[in-house]
Amino acid sequence: MTRKFAGVAVALALALAACGSDPAAAPQEGAGSGAATIEIGSLYEPQNLDNTAGGGQGVTETFNGNVYEGLYRLTDAGQVENLLAESEKVSDDGLTYTFELRQGVTFHSGKALTAADVKHSIERVSAEDSQSARKSQLQVIKSVTAPDEHTVVVKLSSRSISLLYNLSYVWIVNADVKDLTTGEDGTGPYKLGSWKRGSTLSLEPFPGYWGPKPANGGVVFHYFTEATALNNALITGAVDVVTSEQSPDALAQFTGNPDYKVAEGHSTTKLLLAFNDRKAPFDKPLVRKAVSSAIDDAKLLESIWAGHGSLIGSMVPPTDPWYEDLTKVNPYDVELAKKQLAEAGYAGGFRFTLDTPNYDPHPTVATFVKSELAKVGITVDINVITADEWYSKVFKKRDFAATLQEHVNDRDVVWYGNPDFYWGYDNKQVTGWVEQAERAKTAEEQTELLKKANRQIAEDAASDWLYLYPQIVVASSKLSGYPVNGLNSQFYAYGIKKG
Amino acid sequence: MARYLLRRTAFLLGSLLLAASLLFVLLRLLPGDPANALLSIGATPEQIAAARRQTGSDLPLPEQFGAWLGGLARLDLGTSYVSKLPVGGEIAARLVVTVPLTLLAFALAVVVAVPVGFLAAHRAQRWYGPLLSGFAQLGIAVPVFWIGMLLVTVFALRLRLLPAGGFPREDWAEPGRALAALTLPVVTIALVMSASLIRYVRSATLDVLGSDHLRTARALGESFAGAMWRHGLRNAAGPVIAVLGIELATTFLGAVVVESVFALPGLGTLLIEGISEHDYPVIQGVLAVSTFAVLVIGFAADVAQRLVDPRLRTRLGRS
């Protein structure tokens, strides 16, 4: 027996030695030098590498501006800047745009950028099988031509003041590469190193980049499915920065700790209680207003985000040019809510089913909404569904009374101008304003019209805009130069420095 | 033995076919559409139709089923709807993590559980006998993710001895780093697994210790160790091997929780991703491979039992 135990002891000792000999804490090579690799932690892994094939939020975060560039760039402050388009000329009727391309730009494969690539890239987004979220905005494009190597002419069917902004989402890709779902060929400061699905994606500096070299020696995105594991990685130094914190609970361990910086920027993600405006009882604006006034948004935000985030009162977040504070339009006022319900013929309240996505924060919010509405006599049945069912039931079939959903994009108030959208808000005036705004000659005109639309949807309580998410980036205090606003989930990595 | 092996292999293939068909049907009963994973809010009807074409969810079910079985027969698990990568390759990449994780945990659990379980039985009268049994009971009661989080807090966050999670990008190119990444997950699984193993080893040992043949062997002048070695262990091993097979299979399937706590890119996390994206080829592929692994483990345990215990090889023992 003794010999057997000795054997066990040796095996255990060996196992422990194997663990102890290599702590492998943080892969911090060359800390302090400008060429260090930046380790980025994120919850959003790309589904694939093509944003026109369902790559999702993850590929936008990883590739926008880093691997692929557009003719224009949306800065972290929300400004549209020239990038691969050096200049543009607009015809007097606003229907013809002539873009002059930047010269000396090469793809990662070594091929020089030509007007034909740009034509291909724009047409790829509006192609029949494109899954791009921007497809419908680019429907206004009638034709794209390339009269010479460095000139692209875009003809529109009607004026589109958002064209340059929308083009900032169009990746310029090499026209010769057919499949971009598992590889890339862009013009950005980084090229794809390797993608280990379920774990990491690395970007390496592209030596032939036309612009300034990245401030770091490359970046590695580390993907997590669990927020706790992600925060642990930041604490142990396995990652240097977390692109977007999704719960305030974890922040306590970083706030006030000199080793970390917590930045709260502007997000564009709104949490909506979206009514089906086609069906009773929510076809009546008064009922929708009553529901909006019966829910204490401030208390909800405090309980979910502990003081982070903000109230908006309508669809437009502060980073959109047509923002105004509309939180007073449907104030929290239980008595007012009861009065409005009585006026609408629902003095005794009513009952409805709330389709609730099964991931955070929706179930918690649904419970809160249920208890708030109980106070005015409305009974809520919570129906928890998966994201997938949400698409089938709510988005495609419109088979719902009300639902909770987060809307992440900026400038998306324009959906209220589309009566065919899932929530079915149909106000001819708003539809008209949104259309006119797109055809506006000046930015001021566009802003004025969209402000009107935004005010009107608040007056009609087209939906109940519960709150605007905070955008919280936590980083090691050694790090600088990272974006804090993360507009549309972009995360430009080329300015990040360690030490 | 040869006929037995042949029969057992036929049974294995039959089970696999049955499992594959069940999987296919059950997945299709879930509400929703795999095409949804490709859409974003604001998708147009044409985009929805294109997504359905792309994922093949517009094809009739028998056609989808035929394609899946045909692929399986050629060992081709298809292409992910979402990532567009071959499922076989994705699974192989994840097995690099999950297989060592499972086997190391299993080995550690056996190395701990066998002597401890034996001691708990042999020294049941001493003070530490009941203590060891008590530890085993506790280990069974505590959820595995909690043990994982506890180990992370102590060894990764406080003591900074080991990484809190993740796996090296270079896989096993630097075995030291890969082992370090697996240490806490391995210990987590091994703790839970050894807790239940200890109980089985203990009761098997108790049975043997109280048996007539052991007493007779001692009476004939064998030392305790000698009697145990020659007559005791083999008898105790039978039931323990059966349990080991089940435990190994459970660990392989249960790795999903531990992988998620430790952010390991293993088979379990691939399955979760597949389910959340409604990616049928990935879900089917992972489950088919897991089913296969479980069946093979069961098969191996059966064979091992027959090797250890000659009685199972007789006509009588088979009944």
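Let's start at A:Val484. Its place is in the loop between strand 17 (479-480) and strand 18 (497-498) of chain A. Keep in mind that this is a predicted model.

What does A:Val484 touch, leaving aside residues up to four places away in sequence? The contacts are A:Asp76, A:Ala263, A:Gly265 and A:Val473. A:Gln471 is 13 residues from A:Val484 in sequence, and the two C-alpha atoms are 7.4 Å apart in space.

Now the domains of chain A. Domain 1 is made of 4-184 + 471-498, and domain 2 runs over 270-468. Between their C-alpha centres there are 31 Å. Domain 1 of chain A puts 12 residues into the contact, and domain 2 of chain A puts in 11 residues. What is the make-up of the domain 1 side? Eight polar residues, three nonpolar and one charged.

Next, the interface between the chains. On chain A, 47 residues are in contact, and they meet 55 residues of chain B. Which elements of chain A supply at least two residues each? They are helix 1 (2-20), strand 9 (200-205), helix 5 (227-235) and helix 10 (387-396). Helix 1 of chain A gives the largest share, with six residues. By class, the chain A side has 18 nonpolar, 19 polar and 10 charged residues.

On to chain B. How many helices and strands does chain B have? There are 12 helices and zero strands. Read along the sequence, the pattern is α-α-α-α-α-α-α-α-α-α-α-α. The C-alpha atoms of chain B fill a box of roughly 85 × 55 × 35 Å along the principal axes. Chain B has 319 residues, and 39% of them count as buried. Take the contacts in chain B with a separation of 6 or more: residues 24 or more positions apart account for 70% of them.

There is a record to mention here. An unreviewed UniProt entry annotates residues 95-305 of chain B as "domain: ABC transmembrane type-1". In the model, that span is 82% helix and 0% strand.

Two helix pairs in chain B, then. Two packed helices are described by the angle between their axes and the distance between the axes.

Pair one is helix 4 (residues 87-122) of chain B with helix 7 (residues 175-209) of chain B. The axes come within 5 Å and cross at roughly 35°. The crossing of helix 4 and helix 7 of chain B is right-handed. The residues of this contact are 26 nonpolar, four polar and one charged.

Pair two is helix 10 (residues 267-276) of chain B with helix 11 (residues 280-308) of chain B. Here the axes come within 8 Å, and the angle is roughly 145°. Helix 10 of chain B passes helix 11 of chain B in a left-handed crossing.

Which residues meet between helix 10 and helix 11 of chain B? Helix 10 brings B:Leu267, B:Leu270, B:Leu271, B:Gly274 and B:Ile275. Helix 11 brings B:Val282, B:Ile283 and B:Val286. The classes in the contact of helix 10 with helix 11 of chain B are seven nonpolar, one polar and no charged.

How values were computed: Residues are numbered from 1 along each chain as its sequence is written. Chains are lettered from A and ligands numbered from 1 in the order in which they are written. This is a predicted model: local features need pLDDT of at least 70, side-chain atom pairs count only at pLDDT 80 or more; totals for chains, interfaces and linings use all residues. Axes are lines fitted to C-alpha atoms, for helices over the stretch in contact, and angles run from 0 to 180 degrees between N-to-C directions. Helices (H or I, at least four residues) and strands (E, at least two) are DSSP runs, numbered from the N terminus. A crossing is left-handed if the near helix is turned anticlockwise from the far one by less than a right angle, and right-handed if clockwise. Ala, Val, Leu, Ile, Met, Phe, Trp, Tyr, Cys and Pro count as nonpolar, Asp, Glu, Lys and Arg as charged, and the others, Gly among them, as polar. Two residues are in contact if their C-beta atoms, placed from the backbone, lie within 7 Å. UniProt positions are given in the numbering used here, feature names are shortened, and annotations may be inferred rather than shown by experiment. Domain bounds come from an automatic or database domain assignment. A residue is buried if 20 or more other C-beta atoms lie within 10 Å of its own, exposed if 12 or fewer, and partly exposed in between; C-beta atoms are placed from the backbone.
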